[in-house]
Amino acid sequence: MEVDIAGDLMTLNMGPQHPSTHGVLRLELKTDGEVVHEAIPHIGYLHRCFEKHAENVDYPGVIPFTDRMDYVASMNNNLGYALTVEKLMGIQVNNRVRCIRIIMAELNRIASHLLAAGTYGIDMGSYTPFLHCFRDREKILDLFEETCGARLLYNYNWVGGLMYDIPTGFEDKVVDFLDYFEPQVDNLNRLLSYNYIFIKRTANVGIVPPDVAVSYGMTGPNLRGSGVKWDVRKDEPYLGYEEFDFDVPVGLGDHGPVGSCFDRYIVRIKEVKESCKIVRQAVKKLTPGDVHESLPKRVKPPAGEVYMRTECPRGELGYYIVSDGSLKPYRVKVKSPCFTAMSAFTEISRGAMISDIVAIVGSIDIVLGEIDR
Amino acid sequence: MKPEEIAALLKEKFGAGIPESKLDGHLPFSAVEPGSIVEVCRFLHDDPRLMMDHLELLGGVDWKDRIEVVYIVYSMTHRHRYSLKCRLPRQEPKIHTVESIWRVANWHEREAYDMFGIVFEGHSDLRRILCPDDWVGYPLRKDYKYPTQYRDMPV
């Protein structure tokens, strides 16, 4: 006698208010016991139609809106927008602006990766590393606060320059911070990264082969975690990144197949160290200058269109701007790295256990403010 | 490959499918007949000289007399970028999906549908993605009227 033991699938809604979804994300899980047959992400709970806002304000007015997309890496978001408009207008900035921008972008990358690593620790059931990460992240936010007055939404990179010059003695404080911080990364590795339980929870979960990662347009640490050595800072340099000496860490599959959650996580930790290297070099390259030197009186780009991408902590953030020659952008389209990474979620999570869903969501390090815009 | 070479290659292969190419400016592009978009994209993706494996951006632009779909593609092997544009009528804009070529197009097309009302034929799951399912109108169209109410609630 044959018995059909396949039962019905149960639909389980994870989110929109769930601590491990890192914001307001709803995952519709079709489960068979503990096994997830299909996970369908529902996004849009934080949709503010940034692109419509951008059409209704002038060019500099868009910058505060870009802050609010990826709100844990606002410096990088400002930077991408400012560079795109500068490319459209043909503005060249001086060395001081360039170096300060790089320092800020890399410090913000460290802060963002610390948040990612800390909260990922919580997702995996370890609370202490989170406190350590946030303690160090606070120090970076203090540095930002000293520079531009804000701790989260900076509005610092302007089209053609910066809001303020850095305060006196800022360079020394940055170097002091790096001297203090670099050993902390090793502590974090001892505490979390190479913890036996953590590796067991992440190293065989959520495997993304390189071809799938490319086809889904995954970028940044998610792509590099799959073993693809690709970094816009190296491969299509902007802002003079080609003059800096740093490595591009990729997932090596130390504890399981390449492209696992662990690989994506460890790439971020290694990137933090590379960012420290870049900041040290940028501090050395700082020369005196006026950060308002090339600020245009009126931002009125010629008619045309431009696309530019920069390497944000979460991947490549691209801005496509269409100008009709007026004071307001005709169209601003953002290519969000989290949006494309999230589109691969159904594929990555097929056949995973419910607890692994938490591991996968945390490892692709999404910020819903940027997915929904 | 330089944009001129890519444009020449496309023109040679597709002829009337590529009405014009504009190569000055920051973003060199070829206009593509909506009917041949899938073949052109397939060619860009598969041809060993081009190998455009990365769809960087897919989005709409409302030009008041037409709606344009912009595809920006990039090759991670050869490190060149090119873009395609399809002009669609504002009334019932329709174009075939390129989901089968780059899988990320699935969500990008859903977003373009949500924001501009562009219907991607053959799409596996064409639903609104950012706005609620019962949203009326397409927000990024230039003639979009801001709603005063949502489900009997004033906004």
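This is a predicted model: local features need pLDDT of at least 70, side-chain atom pairs count only at pLDDT 80 or more; totals for chains, interfaces and linings use all residues.

Modeller: Helices here are DSSP runs (H or I, at least four residues) and strands are E runs of at least two, numbered from the N terminus. H6(A) gives the most to this lining, with five residues. The lining is made up of A:Leu114, A:His132, A:Cys133, A:Arg135, A:Asp136, A:Phe181, A:Gln184, A:Asn187, A:Leu188 and A:Leu191. On a 1 Å grid over the protein atoms alone, a cavity is a set of points where a 1.4 Å probe fits but cannot get out, and lining residues have an atom within 4 Å of a point. Five of the lining residues are nonpolar, three polar and two charged (Ala, Val, Leu, Ile, Met, Phe, Trp, Tyr, Cys and Pro count as nonpolar, Asp, Glu, Lys and Arg as charged, the others, Gly among them, as polar). The volume is about 70 Å³, taken as the space filled by probe spheres set on the grid points, which are joined across faces, edges and corners. The whole structure has five cavities of 30 Å³ or more.

H6(A), residues 170-193, also packs against H4(A), residues 95-123, at an angle of about 25 degrees and with the axes 13 Å apart. Axes are lines fitted to C-alpha atoms over the stretch in contact, and angles run from 0 to 180 degrees between N-to-C directions. The two helices are therefore roughly parallel (an angle under 35 degrees). Their crossing is left-handed, that is, the near helix is turned anticlockwise from the far one by less than a right angle. On the H4(A) side the contact (heavy atoms within 4.5 Å) is made by A:Met104, A:Leu107, A:Ile110, A:Leu114, A:Ala117 and A:Gly121, and on the H6(A) side by A:Phe170, A:Val174, A:Phe177, A:Phe181, A:Leu188 and A:Leu192. Eleven of these residues are nonpolar, one is polar and none is charged. A:Leu114, A:Phe181 and A:Leu188 belong both to this contact and to the cavity lining.

As for conventions, residues are numbered from 1 along each chain as its sequence is written, and chains are lettered from A and ligands numbered from 1 in the order in which they are written. Local features need pLDDT of at least 70 and side-chain atom pairs count only at pLDDT 80 or more, while totals for chains, interfaces and linings use all residues; side-chain values use heavy atoms, with hydrogens and water left out.

Key: Angles under 35 degrees count as roughly parallel, over 145 as roughly antiparallel, 65 to 115 as roughly perpendicular and the rest as oblique. On a 1 Å grid over the protein atoms alone, a cavity is a set of points where a 1.4 Å probe fits but cannot get out, and a pocket is an open set with protein on both sides within 12 Å along at least five of seven lines; lining residues have an atom within 4 Å of a point.
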